[in-house]
Amino acid sequence: MDLATLAIFRTVARELSITRAAQQLGRVPSNVTTRIQQLEEELGAVLFERDKKRFSLTVQGEQFLDYADRILNLAEEAQQVLKPAAPTGVLRIGSMECTVASRLPMPLARFHQQWPDVRVEVSTSPSRHLIDAVRKRRLDCALVAVPPGDSEPDTDEIETWPVFREELVLLLPPGHPPVHGPADLAPRSLAAFAPGCTYRGMAEDWLSGGGKPLGFQVQDVSSYHAMLACVSSGSCISVMPRSVLEMIRHPAPIEEKPLAAVDTALVWRRGFDTPAFVAWRETLSEFSDIAGE
């Protein structure tokens with residue numbers, strides 16, 4: 001087993017196609033197939049389920065992918081640290097969907113302009129999942145929400161640096177009467193991202209009325225545009241950062257109520273300081289609205 005074989009396995013696992021993986025790797029499909037078979041023989045495990053219509057990871061394949069990711073990412077990190085002349089290599093950035101949309105386009109463009117030799121990989125997920133991915137070395141760093149009063153995810157493993165401050169807004173259907181608390185809400189449904197989203201958790205805490213169930217249902221949606229549509233229809237309430245609301249606002253009238261101020265923090269593994277990451281942190285500081293506090 002070597003790094004090249006692990007890279008082949010990871011590409012096949014991501015593409016779930018020998019043909020597409022071979023194209024990405026610049027290899028012929030038969031070579032990729034042979035390397036995967038040799039790896040399975042070496043491990044004594046079947047990594048992929050194969051049939052005519054389906055190609056997927058086995059449970060053992062899923063487990064091995066986690067190790068392959070960590071090994072390959074650690075090898076990349078070591079190469080960058082040992083060649084500190086200038087930022088190069090890959091930088092894996094995780095982020096909440098809202099931050100990618102409203103906050104990161106300008107910093108990412110500036111970073112690419114300054115350091116074109118760095119290949120940036122950006123992925124989105126809820127905050128809880130992002131922190132776990134940083135701990136497991138699937139990501140180099142991530143931008144996550146830190147609710148007021150919550151302990152930041154600083155541990156012996158993770159460092160935290162607040163970068164942006166968001167105003168979380170409660171969205172109400174057009175013409176909804178003023179709201180002083182959850183009992184004043186007419187819709188009994190919350191449109192939100194899937195569990196793991198910090199903003200969803202904050203909304204659910206507020207709706208619980210200090211721990212007293214109020215009979216709200218949660219409608220899972222996949223985008224902020226969908227949240228706005230659900231609210232405009234009169235069937236739901238929702239929450240989102242004002243920066244996102246201002247970016248995607250459409251003609252349909254809605255009512256708004258400020259709910260809370262929430263910091264967005266950059267998190268990374270303690271001791272992780274590749275040149276690419278240090279340069280990214282410096283770039284973010286130029287766009288931060290709270291870094292000097």
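At what angle do helix H6 and helix H11 pack, and how far apart are their axes? The legends below take up this pair and several other sites in a predicted model.

**Figure 1. Helices H6 and H11 pack against each other.** Helix H6 covers residues 105–114, and helix H11 covers residues 275–287. The angle between them is about 135°. Their axes lie 9 Å apart. Angles under 35 degrees count as roughly parallel, over 145 as roughly antiparallel, and 65 to 115 as roughly perpendicular; the rest are oblique. H6 and H11 are therefore oblique to each other. Their crossing is right-handed.

**Figure 2. The whole chain.** The chain has 293 residues, and buried residues make up 46% of them. Its secondary structure comes to 11 helices and 10 strands. Along the principal axes, the C-alpha trace spans about 65 × 50 × 35 Å. A search of the whole structure gives 20 salt bridges.

**Figure 3. Helices H1 and H4 cross.** Two packed helices are described by the angle between their axes and the distance between the axes. For H1 and H4 the angle is about 125°. The distance between these axes is 9 Å. H1 and H4 are therefore oblique to each other. H1 passes H4 in a left-handed crossing. Helix H1 runs over residues 3–15, and helix H4 over residues 59–82.

**Figure 4. A salt bridge joins Asp69 and Arg10.** Side chains of opposite charge can pair when their charged atoms come close. Here the side chains of Asp69 and Arg10 meet at 3.1 Å, N to O. The pair links distant parts of the chain. Asp69 sits in helix H4 and Arg10 in helix H1, 59 residues apart. Are these two residues buried or exposed? Asp69 has 10% relative accessibility and so counts as buried. Arg10 is buried too, because its relative accessible area is 14% and buried means under 20%.

**Figure 5. Asp66 and Arg70 pair within helix H4.** Asp66 has a relative accessible area of 14%, so Asp66 is buried. Arg70 is partly exposed, with a relative accessible area of 28%.

**Figure 6. Glu15 and Arg20 form a salt bridge.** The contact between these two side chains is 3.3 Å, N to O. Arg20 is partly exposed, at a relative accessible area of 41%. That value falls between the limits for buried, under 20%, and exposed, over 50%.

**Figure 7. Leu16 has a positive phi.** Most residues other than glycine have a negative phi. At Leu16, phi is near 50°. Where is Leu16 found? Leu16 is in the loop between H1 and helix H2, which covers 18–25. With 35% relative accessibility, Leu16 counts as partly exposed.

**Figure 8. Arg137 also has a positive phi.** Phi of Arg137 is near 65°, in a residue other than glycine. Arg137 is in the loop between helix H7 and strand S5. Helix H7 spans 127–135, and strand S5 spans 141–146. The relative accessible area of Arg137 is 27%, so Arg137 is partly exposed.

**Figure 9. Arg103 and Phe287.** The C-alpha atoms of Arg103 and Phe287 are 8.5 Å apart. Along the chain, 184 residues separate the two. Arg103 lies in the loop between helix H5 and H6. Helix H5 covers 97–102. At 19% relative accessibility, Arg103 counts as buried, because buried means under 20%.

How values were computed: Residues numbered from 1 in each chain as written. Predicted model: local features only at pLDDT ≥ 70, side-chain atom pairs only at ≥ 80, totals over all residues. Heavy atoms only, no water. Helix = DSSP H or I, 4+ residues; strand = E, 2+ residues; numbered from the N terminus. Salt bridge = Lys/Arg side-chain N within 4 Å of Asp/Glu carboxyl O. Buried < 20%, exposed > 50% of the residue type's maximum accessible area, 1.4 Å probe, protein only. Axes fitted to C-alpha atoms, helices over the stretch in contact; angles between N-to-C directions. Left-handed = near helix turned anticlockwise from the far one by under 90°.
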